There are 4 protein chains.
Amino acid sequence: MTDSTAPAPQPSGPAAGTLPSDLRVAVLGARGRMGSEAVQAVRRAEGLQLVAELDHEDSLEALVTAGAQVVVDFTVPSVTEGNVRFAVEHGIHCVVGTTGWDEEGLARTEALLAQHPGVGVLVAPNFSIGAVLAMRFSAQAARFFESVEIVELHHPDKVDAPSGTAARTAALVGEARRAAGVGPSPDATKQDPDGARGAVVDGVHVHSVRLRGLVAHQETLLGNLGEQLTIRHDSFDRISFMTGVVLGVREVVSHPGLTHGLEDYLDLGL
Amino acid sequence: MTDSTAPAPQPSGPAAGTLPSDLRVAVLGARGRMGSEAVQAVRRAEGLQLVAELDHEDSLEALVTAGAQVVVDFTVPSVTEGNVRFAVEHGIHCVVGTTGWDEEGLARTEALLAQHPGVGVLVAPNFSIGAVLAMRFSAQAARFFESVEIVELHHPDKVDAPSGTAARTAALVGEARRAAGVGPSPDATKQDPDGARGAVVDGVHVHSVRLRGLVAHQETLLGNLGEQLTIRHDSFDRISFMTGVVLGVREVVSHPGLTHGLEDYLDLGL
Amino acid sequence: MTDSTAPAPQPSGPAAGTLPSDLRVAVLGARGRMGSEAVQAVRRAEGLQLVAELDHEDSLEALVTAGAQVVVDFTVPSVTEGNVRFAVEHGIHCVVGTTGWDEEGLARTEALLAQHPGVGVLVAPNFSIGAVLAMRFSAQAARFFESVEIVELHHPDKVDAPSGTAARTAALVGEARRAAGVGPSPDATKQDPDGARGAVVDGVHVHSVRLRGLVAHQETLLGNLGEQLTIRHDSFDRISFMTGVVLGVREVVSHPGLTHGLEDYLDLGL
Amino acid sequence: MTDSTAPAPQPSGPAAGTLPSDLRVAVLGARGRMGSEAVQAVRRAEGLQLVAELDHEDSLEALVTAGAQVVVDFTVPSVTEGNVRFAVEHGIHCVVGTTGWDEEGLARTEALLAQHPGVGVLVAPNFSIGAVLAMRFSAQAARFFESVEIVELHHPDKVDAPSGTAARTAALVGEARRAAGVGPSPDATKQDPDGARGAVVDGVHVHSVRLRGLVAHQETLLGNLGEQLTIRHDSFDRISFMTGVVLGVREVVSHPGLTHGLEDYLDLGL
């Protein structure tokens, strides 16, 4: 374990120079690709105090010693549920970005949380606030438009098409349209010998562009007679996930129980 | 008055070829720019039956004779409130696109509606569903991003800059950010001798492009470290307003009382 | 035949109110979709004088009587070559937008022009200056980028995919890359069960979006490490072709012989 | 000086594993921000062999010892001209990205090159091929459109508005329009109390957006009745300059004399 602040955090109280009300945050998987970004994001964030950075060789006891109130987990599928169990049992809230959570793991964690009523756990497959909002807005708008199609654009080293986010967006859009009784988008295409019209996912046409220089980008195009609504998200760098991680840390303390997906913390009102 | 269906509508029942459940709709200002579009939109819309097209020389009694259940008003500021009063007093719902309604007129109409509890009136300054959604989404997303700016693009015959919709969007964005305690968008600009940074409306930078070939277009750009969310609306033709008019006609019958703005009919859920 | 100016054009000289140097222009197919736009475009254009509007029942002799110097042909494939022959034999330049010209017809016209050395004929499949420039720029840029893909977007009543312009652009891009020895765009796609990667035309991925509200739009996306160049053309209305028609009329008088394609009149320099 | 290849380059011939025909390239300023990117770009590039990486404490004699055929200079204004003089006098071609060259320095270098007829020097203010092409295409297209405006978008730490590239593009566009006798873009704006219409540079409206998450982006918007042409360049990372540097290295050996600006190496043909 590496103490991440100077002077070192003391269990007895916050370090000099931080406010008593600062939220005490630890990062697990602190030397990984995402974890190291999380370490820096917590350091930069107002009102958060980084009290521990742990990696796989460190003991979880350090979380307790450091007085962590929230732990951010960017580890690996094989250990993430155990980490969360330890934290919850010690009254520490969790923000989890590690992949690999299935229904069973989520159910076990929910059962555990029932015994620790004040503790919150957020398990989020995508911490990009922009991507989460783009999906939400696409689904909300889908039933008001005659036509919807999705174009996703990524770097050319990506092996699958369409992207998972595009497929998920198409599923949400398709579901929203069916629920509202909206028929399929009109399409008079009769000749398309080479497949230019792309994939059809849940009734929605999806197009995948692969271009050197790009990172991860997506557009939902919605059309009515005489108008178009476009919702586009550009992800230029994985640092973009950190805005969502910090939001998660701030919100998890007031959201006891299990939350699956960042969208439930984005109170979009009506 | 011009009867708009053949055979002419009879107060005693729907015309041959329409279903008993069709909603009987009349258009006021039927020969105007917007009214004539509304006439055609009602004709095209499934489940709606056009029963009267009136213009300024016609008597409002024709609404009653024709058995109208909903009246669409695209007339002029000087007569629109009187038209609505007549309709409400005869139990006819109203969808109003005429401009010039002020707080007093709305209050008087609300008072009138209190005496006619089953009747609904929708007064909407903008019937473009895409524009209404773009504004809504911009305001919802605004507090999750460090930066927000607005670019609006119109034909070069427009005399004012920025557009009313852009100013309204900036106001909603600014209000959402203040309510959430989000500070101003970062901006290190020190040298801008010619005003390239555009207008600042409610704390939000707004840029107005005027270009031959365009109609009415707007982008809200939202940025965080490593990501961008763009919400763009393109209005290519005023026919785009008709989707909103038809939606209003369908919804007004189940929304008694006064509704101001189409957004309240767009149940965007959570 | 309908004389289109008042007072009627006199073979003896320009009408009052026009300059002696105004170019005297006639339109064939003047009541058709494109021809009627051409009539209005010529009327609006500075330096051009509309001297005759002819449709299929009119005699071509009227061109001579009216003193036309340039004839614009938007007729039908079966008569266009005959119209051009008549015009050339009477020393009248031609701007031809009628489709259906094949290699034989072009060759015959070229041979005819060899006997009338001062006369120019422009046969153009596409009068949209923006579309022509977009194709040209795409082809010019293609060899400097690792990746190129094309996205075309049209109204949903279009029956073929991809569009002819997109296929033509892909062919030009592919040809430019092969000539420069540039390999195919990188693509690591291994799983694409539904065809999201679109069509491959001349080695270039082409994607076709069909969306209510759109007219005709196309983007060429070019990518290198860390950068993207996008060339987009939006066609909102067929009036856009008229800028090219007017340019053609002005230029044909100084381009004797046969010219195929508007691009040769766009002197893009170096 | 740091030898950059293993085994170290020998003046007597190319290192093992490289082809005799590989171009032998040295980088000056090799530890700087741009120089270190250039070192890696040369290493990655097929047909180029990195033979020396020098920084300010190293002697220029090492260029000769290493048998460099081309030197890439990313140093500082105070030494760049001296570096070029040394290289030219030793028959080494130069690709210069260092800023600060004025007319006098360029003239002196041109005079020097007159005495060394086989040697080429490229001094380029911008090595982004995409940006150079975007400027070129904007200028070429400018005279064919009624309206032109420029929108540039950058990160919010930028201190000046508009960007130098936008101002340069506006100057080229303005010049092209004046040369062709094209008047100003139409603009009916009468009320713009807050300056939403942006800056006017050489008769062209320029708008500057500053948004967290962005790097450097620019759009030229060109409009005619019914159509729009958009030329957009996105620079996501300074690595994008390296494609231009490598192109410069490959071309400088066959372009003797002084070349100012990468565009002269982009043979865009007609």
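This report walks through a predicted model, from its chain symmetry down to a few residues.

## Ground rules

Because the model is predicted, local features need pLDDT of at least 70 and side-chain atom pairs count only at pLDDT 80 or more, while totals for chains, interfaces and linings use all residues. Residues are numbered from 1 along each chain as its sequence is written, chains are lettered from A and ligands numbered from 1 in the order in which they are written, and side-chain values use heavy atoms, with hydrogens and water left out.

## How A and C relate

Two copies of a chain are related by a rotation about an axis and a shift along it.

## The annotated site in chain A

An unreviewed UniProt entry puts a "binding site" annotation on A:His155, A:Gly164 and A:Thr165; positions follow the numbering used here, feature names are shortened, and such annotations may be inferred rather than shown by experiment. A:Gly164 belongs to helix α6 of chain A, whereas A:His155 is in the loop between β6 (147-154) and α6 (164-179). Helices (H or I, at least four residues) and strands (E, at least two) are DSSP runs, numbered from the N terminus.

A:His155 is partly exposed at 28% relative accessible area (buried is under 20%, exposed over 50%, partly exposed in between, with a 1.4 Å probe and protein chains only). Setting aside neighbours within four places in sequence, A:His155 is in contact with A:Arg210, A:Leu211, A:Leu214 and A:Val215, where contact means heavy atoms within 4.5 Å.

## Another β6-α6 loop residue, in chain D

D:Ser163 is located in the loop between β6 (147-154) and α6 (164-179) of chain D. D:Ser163 is buried, with a relative accessible area of 3%. Beyond residues up to four places away in sequence, D:Ser163 touches D:Glu152, D:His154, D:Lys158, D:Arg210 and D:Gln218.

## Phe pairs in B and D

Searching the whole structure turns up 8 aromatic pairs over all chains. Rings of Phe, Tyr and Trp (its six-membered ring) pair if their centres lie within 6.5 Å; planes under 30 degrees apart count as stacked, over 60 as edge-to-face and the rest as tilted. One of the pairs is B:Phe74 with B:Phe127, edge-to-face at 6.0 Å centre to centre and 65° between the planes. B:Phe74 is in the β3-α3 loop and B:Phe127 in the β5-α5 loop, so the pair ties together parts 53 residues apart in sequence. Both B:Phe74 and B:Phe127 are buried.

In chain D, D:Phe74 and D:Phe127 also pair edge-to-face, with 6.0 Å between centres and 65° between planes. D:Phe74 is buried at 10% relative accessibility, and D:Phe127 is buried at 4%.

## Helix α1 of chain B

Helix α1 (residues 33-44) of chain B has 12 residues and spans 17 Å from first to last C-alpha, close to the expected 16 Å (1.5 Å times one less than the number of residues). Its buried residues include B:Met34, B:Glu37 and B:Val42. The buried residues of α1(B) pack against β1 (23-28), β2 (48-54), β3 and α7 (241-252) of chain B.
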